[in-house]
Structure formats: C-alpha cells, structure tokens
Amino acid sequence: MKKLSPSMEDYLEAAYRLSRERGFARARDLSAGLGVSRPSVNSALKNLTGRGLVTHEHYGYVRLTAAGLAAGARIAELHSFLKDFLTSVLALPEADADADACRIEHAIGPRAMKNLRLLAAFIRTSRKGALAAEISGFIKKRSGAEK
C-alpha cells in the first residue's frame with residue numbers, strides 16, 4: 001500500500017483515538033477535533049475507505065478496519081512516544097510537545113526513530129533514571145524555562 005500523506009495520517013489517528021475513547025467516530029467529531037471542514041473530512045474518509053482503512057456510512061459512523069486499527073495504533077503510539085520524550089526529556093511545555101510530535105511523526109525515518117527510541121531507553125534507565133532528570137534540568141536551566 002502506498003504511504004499515507006501526513007494529512008491522511010492525522011485523519012486516521014483522530015479516528016483511531018475517537019474509536020478508542022467512544023467505540024466509534026463520526027465525521028462531525030473528526031471535523032471538530034481537527035478543526036477542518038466537513039467536506040475535507042468526507043474527502044479524507046473517501047480516501048481512507050479506498051485504501052481499506054475505514055468504512056464510513058453516509059451521515060453515520062466511521063469504523064476502522066483491522067488494517068486501519070493497526071495503522072492508527074502505530075501512528076498514535078509514535079505520537080505518544082514523541083510527545084512524552086519532548087516533555088519529559090527535552091522539557092517542552094505539553095502543548096508545544098504535542099504540536100511538535102505531530103510534525104515529527106510525519107517526517108522522521110524508521111532508522112532515526114529506532115535510534116531515538118534507543119536513546120530514550122538509555123536516558124530513562126541510565127543511573128536509575130537520574131540521567132533523564134539531569135538532562136531535563138539542564139535544558140530548563142539553559143533555555144530559561146526555569147525562572
């Protein structure tokens with residue numbers, strides 16, 4: 001299957017998160033959550049349906065297929081990992097970390113992501129977790145975030 005565009009990944013991730021929270025998603029909820037028009041959502045859903053990732057009843061529910069659930073889970077997990085790394089290690093405010101995680105998840109390659117996960121694991125386990133706190137404190141102090 002051809003790689004999803006960043007926009008399609010965002011739609012799929014939003015549908016995945018809503019489905020996990022509520023058991024379903026609707027086009028209007030995706031529109032509100034992503035801050036996009038209903039026609040944009042309908043176009044995206046048509047694209048995702050054509051790729052076999054969702055089913056969508058006209059004016060009804062959006063349901064993820066098995067492939068859609070797998071892809072949505074992968075995207076959501078990557079976003080969560082990046083956001084956590086950006087907040088806990090790089091000391092970014094949560095809103096900034098969330099926005100940056102969204103941008104990074106679409107651009108980072110698999111090799112860089114693998115190595116970033118290894119780095120995060122090393123930082124979190126090194127010196128019984130003290131290294132993570134030390135790095136975060138250093139960044140806060142040097143960036144002026146701690147005033």
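Colleague: Why is Arg127 called partly exposed?
Modeller: Arg127 has a relative accessible area of 48%, and the term covers what lies between buried, under 20%, and exposed, over 50%, with a 1.4 Å probe and protein chains only, so Arg127 is partly exposed. This is a predicted model, in which local features need pLDDT of at least 70, side-chain atom pairs count only at pLDDT 80 or more, and totals for chains, interfaces and linings use all residues.

Colleague: What makes the phi of Arg127 worth a remark?
Modeller: Arg127 is a residue other than glycine, and its phi has a positive value near 55°. Most residues other than glycine have a negative phi. Arg127 sits in the loop between α6 and α7, where helices are DSSP runs of H or I of at least four residues, strands are runs of E of at least two, and both are numbered from the N terminus. Lys128, in the loop between α6 and α7 as well, also has a positive phi of about 55° without being a glycine.

Colleague: Is Lys128 counted as buried or exposed, and on what value?
Modeller: Lys128 has 85% relative accessibility and therefore counts as exposed.

Colleague: How do you know that the span of helix α6 agrees with its number of residues?
Modeller: The expected span is 1.5 Å times one less than the number of residues, so the 16 residues of α6 (residues 110-125) should span 22 Å, and the 23 Å between its end C-alpha atoms agrees with that. The 23 residues of α4 should likewise span 33 Å, and its end C-alpha atoms are 32 Å apart, which agrees.

Colleague: Why do you say that the buried residues of α6 line one face of the helix?
Modeller: Met113, Leu116, Ala120 and Ile123 are the residues of α6 in question, being buried. Seen down the axis of α6, its buried residues fall within an arc of 85°, taken from the directions from the axis to the C-beta atoms, so they line one face. The face turned away from that buried side carries the exposed residues Pro110, Arg111, Lys114, Leu118 and Thr125. Among the elements that cover the buried residues of α6 are α4 and α7 (130-143).

Colleague: What makes α1 roughly perpendicular to α3?
Modeller: Their axes, lines fitted to C-alpha atoms over the stretch in contact, come within 10 Å and cross at roughly 90°. Angles run from 0 to 180 degrees between N-to-C directions; under 35 counts as roughly parallel, over 145 as roughly antiparallel, 65 to 115 as roughly perpendicular and the rest as oblique, so α1 is roughly perpendicular to α3. Where they meet, Met8, Tyr11 and Leu12 in α1 are in contact, that is with heavy atoms within 4.5 Å, with Ser40, Val41, Ala44, Asn47 and Leu48 in α3.

Colleague: Why does Ser19 count as buried, and what does Ser19 touch?
Modeller: Ser19, found in helix α1, has 16% relative accessibility and so counts as buried. Not counting residues up to four places away in sequence, Ser19 touches Phe24, Ala25, Val62 and Leu64.

Colleague: Which residues of the largest nonpolar core touch the most other members?
Modeller: Of its 22 residues, these are Leu12, Leu30, Leu45, Leu48, Val54 and Val62; such a core is a set of buried Ala, Val, Leu, Ile, Met, Phe, Trp, Tyr and Cys residues joined through side-chain atoms within 4.5 Å. α1 gives the most to this core, with seven residues.

How values were computed:
Residues are numbered from 1 along each chain as its sequence is written. Side-chain values use heavy atoms; hydrogens and water are left out.
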